[in-house]
Amino acid sequence: MWIESLNTVMDDNKVLTLASNERIALTPSMRLLFEVHHLRTATPATVSRAGILYVNPQDLGWNPYVASWIDRRQHQSEKANLTILFDKYIPACLDKLRRSFKTITSIPESSLVQTLCTLLECLLTPENVPSDSPKEVYEVYFVFACIWAFGGILLQDQVSGCQAAFSQWWHKEMKGVKFPSQGTIFDYYLDHKTKKFLPWADKIPQFTMDPEAPLQVGVGNTVLFKPRVLV
């Protein structure tokens with residue numbers, strides 16, 4: 001509905017007419033750009049006044065974003081290693097997610113790859129990965145980011161165990177970086193010093209309850225009861 005009011009702006013007159021009949025002219029340097037999901041409700045008058053550029057996400061793919069992201073990295077050796085790793089892991093992961101697994105919510109493939117790049121920006125720091133690091137060091141961090149970018153969105157409940165199935169598939173197909181055989185690949189974090197995968201359970205501090213501390217059970221700010229030990 002609102003786009004019809006812009007028909008006079010989009011033609012050669014370039015004048016916006018308001019409901020009060022006030023007329024506002026655009027300057028020669030002004031341009032209009034609309035980014036829309038579809039044109040199902042657009043009228044011929046609107047379409048004929050605009051230049052249409054259609055971008056299909058399936059045809060565009062994830063390569064342009066990755067190429068742009070890698071180009072912003074500083075070291076040439078890092079760029080070469082990352083290019084090899086993206087070509088090695090991404091097509092297989094996307095294909096497996098597309099065919100075999102359910103996600104918690106629908107996420108475009110380009111967003112998954114963008115998540116992976118964001119995780120890599122956090123992990124590939126000069127402290128963790130110096131510029132002269134071999135490809136094996138880059139691959140360890142890449143794998144850790146990859147399993148959480150693609151596996152972290154998988155549905156895991158009493159009916160669907162997609163994360164466990166993804167872990168089994170990863171153990172079977174992706175053997176470049178070895179994980180411990182116990183549990184799933186999601187049970188381990190990457191230690192920056194040793195570059196090895198260690199259990200997340202090691203990060204949990206030991207809890208010892210103080211028997212003298214008062215115990216209150218409640219909902220919100222409401223205390224339901226205070227247990228007492230009678231001697």
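Colleague: Why does Gly-152 count as partly exposed?

Modeller: The relative accessibility of Gly-152 is 32%. Buried means under 20% relative accessible area and exposed means over 50%, with partly exposed in between (1.4 Å probe, protein chains only). Gly-152 is therefore partly exposed at 32%. This is a predicted model, in which local features need pLDDT of at least 70 and side-chain atom pairs count only at pLDDT 80 or more, while totals for chains, interfaces and linings use all residues. Residues are numbered from 1 along each chain as its sequence is written, and side-chain values use heavy atoms, with hydrogens and water left out.

Colleague: Where is Gly-152 found, and between which helices?

Modeller: Gly-152 is in the loop that runs from helix H7 (135-151) to H8. Helices (H or I, at least four residues) and strands (E, at least two) are DSSP runs, numbered from the N terminus.

Colleague: Which residues is Gly-152 in contact with, leaving aside its neighbours within four places in sequence?

Modeller: Ile-104, Ile-147, Gln-163 and Phe-186, where contact means heavy atoms within 4.5 Å. Phe-186 is 34 residues from Gly-152 along the chain, and their C-alpha atoms are separated by 8.5 Å.

Colleague: What makes Ser-167 buried or exposed?

Modeller: Ser-167 has a relative accessible area of 2%. The limit for buried is under 20%, so Ser-167 is buried. Ser-167 is part of helix H8 (residues 162-173). Apart from neighbours within four places in sequence, Ser-167 contacts Thr-184 and Ile-185.

Colleague: Is Thr-41 buried or exposed, and on what relative accessible area?

Modeller: The relative accessible area of Thr-41 is 72%. That is over 50%, so Thr-41 is exposed. Thr-41 sits in the loop between S2 and helix H2 (44-48).

Colleague: What about phi of Asn-21?

Modeller: Phi of Asn-21 is near 70 degrees, a positive value although Asn-21 is not glycine. Asn-21 lies in the loop between S1 and strand S2 (23-25), and with a relative accessible area of 62% Asn-21 is exposed. Lys-14 is likewise not a glycine and has a positive phi of about 55 degrees. Lys-14 belongs to the loop between helix H1 (7-10) and strand S1 (15-17). At 31% relative accessible area, Lys-14 is partly exposed.

Colleague: Which residues of helix H4 are buried?

Modeller: In H4 (residues 63-71) the buried residues are Val-66, Trp-69 and Ile-70. They cover an arc of only 95 degrees around the axis, which puts them on the same side of H4; the arc is that of the directions from the helix axis to the C-beta atoms. The buried residues of H4 pack against helix H5 (76-100) and helix H6 (109-123).

Colleague: How does the radius of gyration of the chain stand against that of a compact globule?

Modeller: The chain has 27 Å, whereas a compact globule of 231 residues would be near 17 Å. The radius is taken over C-alpha atoms, and the globule rule is 2.2 Å times the number of residues to the power 0.38. The C-alpha trace spans about 85 × 60 × 40 Å along its principal axes. Of the 231 residues, 30% count as buried.

Colleague: How many helices and strands are in the chain?

Modeller: The chain has 8 helices and 6 strands. From the N terminus the order is α-β-β-α-α-α-α-α-α-α-β-β-β-β.
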